Structures are given as C-alpha cells and as structure tokens.
Amino acid sequence: MKIIDLKKEIGQFHLQVDYLELEEGCIHGFIGGNGSGKTTLLKLIMGILSPDSGSIDYNGLNMKEITMTSQRPYLLHDSVYENIIYPLKIRGIRPEPGEIAEYLENCGMEGKERQAARSLSSGEQQKVSMIRALCFHPRLIMIDETLSNLDPDSVDFFEKQILKIQEREKNTWILISHRLSEIARICDRVHVFHKGKVVESGPAGEVLFHSEVPEVQRFLKGELLIEKEVDRRRIR
Amino acid sequence: MLKTIINEIFSDVGVYDAIRVTFQMALTSTFISTVLGIISGLALERFSFPGKRLVIRINRTLMGVPPVVVGLIVYMLTMRRGPLGSLELLFTVKGMILAQTIIITPIICGMVYTYGNKTAPEVRTFAKTMGAGRLQTNLLILKEMKHEIYFAIVSGFGRSISEVGAVMLVGGNIKGHTRTMTTAISLLKSQGIFTEGLTLGVLLLIMAFLLQCLADFFRKESKEYENY
Amino acid sequence: MKKRVLGILLGTVLAFGMLSGCGGSNETEEQPAAEETAEEATEEAADTEEAEDTQQTETTEEGEEKGQLMMATTTSTADTGLLDYLAPIFLEDTGYELLWDAVGTGEALKMGENGDVDVVLVHAKASEEEFVANGYGVERFPVMYNDFIVVGPSEPIAATEDIQAVFSQILEEQLPFVSRGDDSGTDKKEKQIWEALSLDPTGNPNYLESGQGMGATLTMSDEKQAYCLTDRGTYLKMKKDADVALNLDIVCEGDSNLLNQYGVIAVNPEKYPEVDNEAANAFIEWICSDEIQKLIGEYGVEEYGEALFVPNAGTDA
C-alpha cells in the first residue's frame, strides 16, 4: 500500500506525506508526539477523512476489509455480544461457537456477553472493540491507542493475539502507541511522525535504536526517559 | 356495546365516534409524520446545501407554529373554491390528517435532526470502520437513535391528540364524522356542560397514558441494555 | 382595497419574520412609502380587530366613569356588530363600560348561573324563564327580535314562506343540512321547529351537526352546498364581509315559526351579592328606552339595506 503526495489541512494543522509505503503482511508502528498526524493519517486511510490532494494506493484492498479501533471506541447501545458480532452480522456470517466467550474469558471479561456495552469501564470498552475488530478477519487492522487503558495481562494477551493472527492470516496491521516497549515487541516496521510529516520510516530495530534523524532521536530520548523514570519509581 | 355505554355517560355529542376519530386521526398523522420527519430530519443532517441554515431555522419556527394557522391555511387550500377543492378534503378526516401532518412533521423532523446531529456522524464513522454498506449504515443510525426517535414520535402524537384549533377548522367538528375528543370538549364547554368536558379530558389523558404503556411494553426487551 | 392592504401587511410581516430569524433585528431603515402603507394597514387591521374582539375595552374622556358592566350574550349580537355599535353610546349615556363575552345561549346562561356576569342578553325564551324561575335572574325584559331564515342553494328548493314545505322537502329528498348542534339559541330554535312540524331530522343521513358558531356553520353549509337555519343578521354580514362570499340564497323567510325574541335579564344580586346590579339595571333601562330602541331599529339599514333587529321592548314577547 502506498501513500503519495497526501495533503490534509485541518485548522492550523497540516499533514503532508510525500511518500510512504506500508508493506502488506507487516505490523507497522506509528509513533510521534501528540498532534503529529498519526491519527489523521489513519482516518485518511480509513476514508473517514478525505485528502485535500494526493492519493492512497490500496493495492486492490477493499474498503470493507479495513477496520480501525480508537482510544474511545464507539459502542452500540446494545449488549457486549451484539457489539462484537455486529461486523459479522452485516456480512451474514455466523460467529464460530465459543469463540467470543473464549475471547472474553482470556481478557478477564468472562460471562459479560449480555451486559450493556456502554455500562462497562473504559478499559473493558476498549477490549470489546478490540475483540470486535479481530473477530471478522479484516485484511488491514488499524489500532489507535486502543490498548492504552488495559491491564498488563490483557495487553499481553492482545499482543500475542495480534502476532498469532498475523502469522496465520498474513494481514497488515498499523499500531499507534506511546509505549515504545510495545512497539518494539510486536512491530516489524516503524514510522515516526513529527509536526504532520513522516520523518523516519524503516525496520523497527533500525528506527528505534539507530536512527540518525535528529527529531527521532529527540523524541525517542524523551519517551524513553519517561519510561525509565516510571520504571525506576516502580522499582523503589 | 361499548358505544352504548359511552354514549349513555355523556350528553348527546357523539363521544364514542369522537374517540374513534381522535385515534384514527392521531395515529395516522403521527405515522405519516414519522416517516416524513425521520427521512427529512436525517437528510437535513446528512447533506449540506446552500440555504441549509435557513431551512433549519424555518423548521424550528414551524415546530412552534400555531395549529390554528395551519388549520386556516389547509382550510383555504381545500375549500370548494380553493386550489385543492376538487379533492374534497375539507370537513373530512383525511383533511384533518393533512393538517395534523403539517403540524407534526416539523416537530419530528426538528427533533430527529437535532439528535441526529449529535449521534449520526459518530455512528457513520463507526459503520465505516465496520465496513457497513450505505443501507446498513442508515439502519444502524436509526437503531442507535431509536430512543430519541421514540421520544420524537411520542411528542408528535401528544401534539396530535391534544390539538383542537386546526381540527376544528378543517374537520368542522361534525358529529359522528370529524368530531374529535378535543372539539367535543370545546363543544361541551360552549354548552356550559363543564363536568362532562372535564371527564372527557381525563378520558383522553387516560387513553394516551395506556397507549404509552403499550408502547413501553413493546420496547421493554431492548431497554435492559440501556443502563448507561 | 382593505383586503389588499391587509394582504400586503401579511406578506410584509411574514417576510420580516423570516429575515429577523436570520440575523439581527435591524429593520429600522425602510422605504418611507412602504412605511406609510404599513401604517395605514396597521390602523385598518386594528379597526378590524376591535370589531371582532369579544371584549370592548374602549374608554372615553367624556362623562364620568362608573365602572364596568360584564355581560354574557349570544354570538349573534356580537357577530352582527350590534354591540360594537351600542357600547360607546352606552358609555356616553351612563358612564358604564360594557364588556361582553359572546358565547352560545346555553353557556351564556351558565355564566349567569355561576354569577360570573352582571347581566345576560340571550334568545331562548323558555330557558330564560327557567333561569328566572330558579332564582338566578331578577326579571326578564324583552328587547328586540330578529328573524331566522333558511339559506342554501336555490335548487332544488324554491324560495317560499312555508317552513313546513322546506323542512319536509329536505327530509324527504335527504338534502344536506348543517345544524349548529351546539345547544345554542339558534340550535334550540331549529330543534323546536322540527318538533313543531312533527319531523325527525336525524332520519336524514345528510343531516350534519357542526357543533360550532353561526359563522362557521354558514361557511360549512356554503362549502357543502347544504341548507342551514341562520339568523338573518349573521347571514347578511357574512354575505357582505366574508373573504369568500357566501354562495347561499334565502330559501325560506317570513314564517311565524322563524321569529327570534331576545331578552335581557339582570343576574340576581340576592344570589350573588358581588354582581353589579346597579349597572345591570342601568343597562336594562337604557336598552329598553325609546331612544335606544330606535337606534336598534335603524342598525344595519345603511350597511345592509335592511334592519337586522326589530325592537319590541315593553311588549310581552
């Protein structure tokens, strides 16, 4: 999938991506400060926003095979179960028996199928939206900080799940996260955003540890410092 | 049977038929207005076009239009020498339904537009991430707004059942044909029979209440997921 | 002319309503010519409004003011404009301001029974006598009469003096007929006539009850091209003033069954001490005086070519 000369202006903010290739069958990580354009690019790929100019070459990917989850996902005014099976329902697919119950159990939500989705905590709501996105096997899954509020066990479960599904289905993933450890654990390729531009793009190891772009170095340093700070406090 | 009992209780103003006409008129006009109001309300939310703000303002104004003005306009349109005179709608229940629809549609449209403005963009975005088609998206918007829409319908129905000015003008309060509960009350009042008028008013309220209960009963199943 | 000006005014108001809805309300700058027209129209509209208002609140500088007289009356006295014509004279002559609520005879008498008014002016002799007999009113005085007429399309009923022939034909041929059906004086009169002729109108499927006032019932008859019993005054006034002129002819007039006697009754102060009996008596004395009786007899001649009411105070009608 290729993004060519894409421009989008929202108020004072300008997103400009001259060229970005998102290889299929990879897990991509988008990192960068707040307001650097990560989410905007996801929305453009999703078709929620339309670009001022430029284009996205989906390389034959059908829009119905793309999904996106956000930090504050939209949940239907219905039960957890109905929320999760919605994408299956509109495709006329029956859920595999036990699959959803198993998912819920694995992330500590066993027996909550019939509960009102909107009465859940924000972390649980994120879990529901994650399960919903995983269940219908899209070819491109974009996860916009959806794991941010989850407990460590659940984060671990979903990370493993992502790796497992990717291994099996060879589909493409884009992950936005501020937790660099998470990016490092599961992403194949990393793209760094800064003030509406992609300043660095490449294999995860290279970008995270050997980048020579000054903005990337500064950003990574800052993020790592915060993580180290947190770690040190936790240890004490 | 029921007819005899009811007509026994009240003076000879045709109360039984008035009840029948009231509900026939209110239910039909609410149904038509619901269809028109939802379509126009959602269309107004969905599409932008030049003059949209003006349309919205006119819609809001019409939400509070005095029914008697609508009644007068419909009267002038449908009278024998009016532009729609050949349709013979004046002094018929059909004419009353027409007037009521003009009164209620803007109410439902305005409420659906307002709620839709709040809900629909979010649902539309969500539907896109789920890969829903256009029809599926619109159905989902309706489903997600069902409580608001229900409230809009109830408001419209309440307005319809309680209205007197327009139905008096357009219907003509003809006994057994176009007399409604409200115009019957107005007639009883003009005859100085206040207690019966009041009784009929209470009856009207009770029937509206029962209808609400019935609607709530059918809604109950979905309600258990609403504790947010 | 008047209607056209009103139409322009209506258009202007609608246009302003929309504009002011759009943004701000700075409509001070306006073409002087347009302003004049609008002013004229407003004045005229105010006149019409006053005439149609059920309550008269006019005051005058001459004569001392003694207070207000509350009267319940039938729609016909107000609809014909008689009260608008008499009220200023009453104020000048006696110093009382006449306020009235024009309703059906049934409701007017009810207002008297409840002590809500000082005096009633209605036309249903039997009910009036009962009203006095039950102690709600002091005494009934005849004031004037007008006559009822049957109006409707000139085909198939030919104009006649014979009410029996007309009503029988309506029943036999099942011709459309709109009744007031509101228990008003006119409605009672109509029912009495059917009864006196030993006819049952309810056997006619085209016999409708409008449950509304005389004006609304007349327009309905016009719309349905139906026959209708009406007082002459309302018919003449509507024939002349209604936007859509009535397309109804007089098919029956002059029958003795068609006379309509008005009576005035002061509400009994022994029953309701708070009523202004002094004002009520002043009104009764005034309206039965020769001078006012003469005015009543002249009312309408100039405008409609014939008198709307025939004064007959002092008789035993």
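Trainee: How many residues of chain B are in contact with chain C?
Mentor: 21 residues of chain B are in contact with 24 residues of chain C. Contact means heavy atoms within 4.5 Å. Keep in mind that this is a predicted model: local features need pLDDT of at least 70, side-chain atom pairs count only at pLDDT 80 or more, and totals for chains, interfaces and linings use all residues. Residues are numbered from 1 along each chain as its sequence is written, chains are lettered from A and ligands numbered from 1 in the order in which they are written, and side-chain values use heavy atoms, with hydrogens and water left out.

Trainee: How much area do chain B and chain C bury between them?
Mentor: About 2000 Å², with 51% of it on carbon and sulfur atoms. Buried area is the accessible area (1.4 Å probe) that two parts lose on being put together, summed over both.

Trainee: And how many salt bridges across that interface of chain B and chain C?
Mentor: The rule finds four. A salt bridge here is a side-chain nitrogen of Lys or Arg within 4 Å of a carboxyl oxygen of Asp or Glu. B:R81 and C:D222 form a salt bridge through their side chains, at 2.5 Å, N to O.

Trainee: Now chain A and chain B. How much do they bury?
Mentor: About 2100 Å² between them, 58% of it on carbon and sulfur atoms. On the chain A side, A:Y74, A:H77 and A:Y86 lose the most area to chain B, together 33% of what that side buries. In contacts, 24 residues of chain A meet 19 of chain B.

Trainee: Which side chains meet in a salt bridge there?
Mentor: Those of A:D78 and B:K143, at 3.5 Å, N to O. The rule finds one salt bridge across the interface of chain A and chain B.

Trainee: Switching topic. What lines the second largest pocket?
Mentor: 25 residues, of which B:R46, B:R124, B:R134, B:T137 and B:N138 lie nearest its centre. The lining divides into 14 nonpolar, six polar and five charged residues.

Trainee: Which helix gives the most to that lining?
Mentor: α6(B), with seven residues. In chain B, α2 (15-46), α5 (93-129) and α6 (134-144) each supply at least two. Helices are DSSP runs (H or I, at least four residues), numbered from the N terminus.

Trainee: Where in chain B does pLDDT stay under 50?
Mentor: Over residues 224-228. pLDDT is the predictor's confidence in each residue, from 0 to 100. Where it is low, the predicted coordinates should not be read in detail. Chain B averages 90, and 96% of the residues score at least 70.

Key: 1 Å grid on protein atoms, 1.4 Å probe; cavity = no way out; pocket = protein on both sides within 12 Å on 5 of 7 lines; lining within 4 Å. Nonpolar A, V, L, I, M, F, W, Y, C, P; charged D, E, K, R; others polar.
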